[in-house]
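User: Hi! I'd like to walk through this model with you, a few spots at a time. Could you start with a loop residue?

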Amino acid sequence: MKIVIIGAGKIGATLADQLAREGHEITVVDGNADALDAVNTLDVMTVEGNGIALETQKEAGIPQADLAIAVMSTDEENLLACLIAKKLGVGNTIARVRNPEYSAGLRLVKDELGLSMVLNPELASAFEIARILRAPSAIKIDTFSKGRVELHKVRLPETSPLAGMTLLELGKMQTGVLICVVERGEREVYIPSGNFMLQAGDRISFVARPKTAAKFFRKLGIQADPVKRVMLLGGGRISYYLAKLMLEFGANVKIIEANAERCAYLSEALPDASVIHGDATNERLLDEEGIAKMDAVASLTGIDEENVLMSLYARSITKAKIVTKINRTTFSHIIKQMDLGSVFHPRYIAADHIVRYVRAMQNSLGSNVETLYKLVGNRVEALEFRATAKSAVCGKPLMELALQPNLLICAINRSGRILTPGGRDTIEAGDTVVVVTTATGLNDLDDILDKRRVRT
């Protein structure tokens, strides 16, 4: 597909990288030559100029493009760029829109503006963090089938009864969960088979229904209750959205923000939250505001170094759930070695949403990618496909399917009924199917089949 990305900032560069790796023809537009230099190392074309200007869009090939993605610095620029691109004849448009005040209005005029998708990275990040705070034992939680199926990532403690147990033995316990990914140490990643033996310290990802996941946590002796007292360090957009979500969930929320004007806005917009004007890197202030008594602490400023330091400090004085926002993609191996709790990269969250949309666009058989998450530093993907009558996998017992190596069918959603698949189960038209695999780039449900192997 021919895709034009308007804006070469953090999200624009991340999108260019991921979409180019998937084989798309990418053109990046930006008025800043330095920003374009940063993406010139990728297999992409670049055009220097104003992404809103008619001539710049024509030079970038917008009239012939399948998709235009506007991720410039302001919402207004992105909306106008998409409107112009649509008038020039682009197939689809995606605009990044961050301002909370635009949300309701955009829902009314989305079709009139010709927008295929509106993306709010901060809101998407807040939803992901809120899921974690509702099940604080998990490092990360992803959802499928409109929340009916969850993918939890958790570290096995030293005293875990699962340590030394094979997955076959775990299956006999009838826990209702399916372990689909195991991370061991810094580099080892497994899509485990039944004979795989778990070890203390492993980071396991398992698929389960929400209630089943909570029971599994309790069986392991791990905290499963949602947090009630939350401290947010930094009062940016993610903090605003997250505070709103947690307040609706019944939690007590305290926000510490250094900018007085921003504090005034948050106090008015979130009257049920406690908003403190102060420096969140000040240990004395944090102690005075009761950081040691919190159930969760989220470091969400715009400066990675501050977030790392605040999370490390919180970890040293409290057993609270720790959440850390990281903007940069460099030094990831060092970040992994630090005890920063659940680490979130807003740019990757945004990119996942758009990559999922792009894969659905290019699908030819109609069994579209409904949900997509990239795991373990993009080395593993968890996808949800919708099966159609044309799908080659339909109607055959799973044990008879020649599946790709390092691929696991984790769940089948049949009209709202969630099946943990066994070898005799089948996939039927209309089902949605959750797959975890190291074979990245799958676009269609039939891609789970290994074309080199034929079964009769």
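Analyst: Happy to! Asn406 sits in the loop between β19 (380-386) and β20 (407-414); helices (H or I, at least four residues) and strands (E, at least two) are DSSP runs, numbered from the N terminus. Before we go on, this is a predicted model, where local features need pLDDT of at least 70, side-chain atom pairs count only at pLDDT 80 or more, and totals for chains, interfaces and linings use all residues. Residues are numbered from 1 along each chain as its sequence is written, and side-chain values use heavy atoms, with hydrogens and water left out.

User: Thanks. What is phi of Asn406 near?

Analyst: Phi of Asn406 is near 55°, a positive value in a residue other than glycine. Most residues other than glycine have a negative phi.

User: And is Asn406 buried or exposed, or something in between?

Analyst: Asn406 is partly exposed, with a relative accessible area of 44%. Here buried means under 20% relative accessible area, exposed means over 50%, and partly exposed is in between (1.4 Å probe, protein chains only).

User: What about Ser145, what's its phi?

Analyst: Ser145 has a positive phi of about 50° although it is not a glycine. Ser145 belongs to the loop between β7 (140-144) and β8 (149-155), and it is buried, at 7% relative accessible area.

User: Let's switch to charges. How many salt bridges does the count come to?

Analyst: The count comes to 15 salt bridges, taking a salt bridge as a side-chain nitrogen of Lys or Arg within 4 Å of a carboxyl oxygen of Asp or Glu. One of them is between the side chains of Glu22 and Lys374 (3.8 Å, N to O). That pair links distant parts of the chain, 352 residues apart: Glu22 is in the loop between α1 (10-21) and β2 (25-30), and Lys374 is in strand β18 (residues 369-375).

User: How accessible are Glu22 and Lys374?

Analyst: Glu22 counts as partly exposed because its relative accessibility is 23%. Lys374 counts as buried, at 14%.

User: Which residues do salt bridges that share partners join into one network?

Analyst: Glu22, Lys374 and Glu381 are joined into one network that way.

User: Now polar contacts. What does the side chain of Asn120 reach?

Analyst: The side chain of Asn120 reaches the backbone oxygen of Arg98 at 3.4 Å. A polar contact of 2.9 Å also joins the side chains of Asn120 and Tyr241. A polar contact is a pair of N or O atoms within 3.5 Å; within protein, one must be able to donate a hydrogen and the other to accept it, and residues adjacent in sequence count only if both atoms are side-chain atoms.

User: Where is Asn120 found?

Analyst: Asn120 is in the loop between β6 (117-119) and α6 (121-134), and it counts as buried at 10% relative accessibility.

User: What about Asp446, where does it lie?

Analyst: Asp446 lies in the segment after β22 (432-437). Its side chain reaches the backbone nitrogen of Ala392 at 3.0 Å, and Asp446 counts as buried at 10% relative accessibility.

User: Which residues is Ala251 in contact with?

Analyst: Leaving aside neighbours within four places in sequence, Ala251 is in contact with Val227, Lys228, Val230 and Met246, where contact means heavy atoms within 4.5 Å. Ala251 sits in the loop between α9 (237-248) and β13 (252-257), and it counts as buried because its relative accessibility is 5%.
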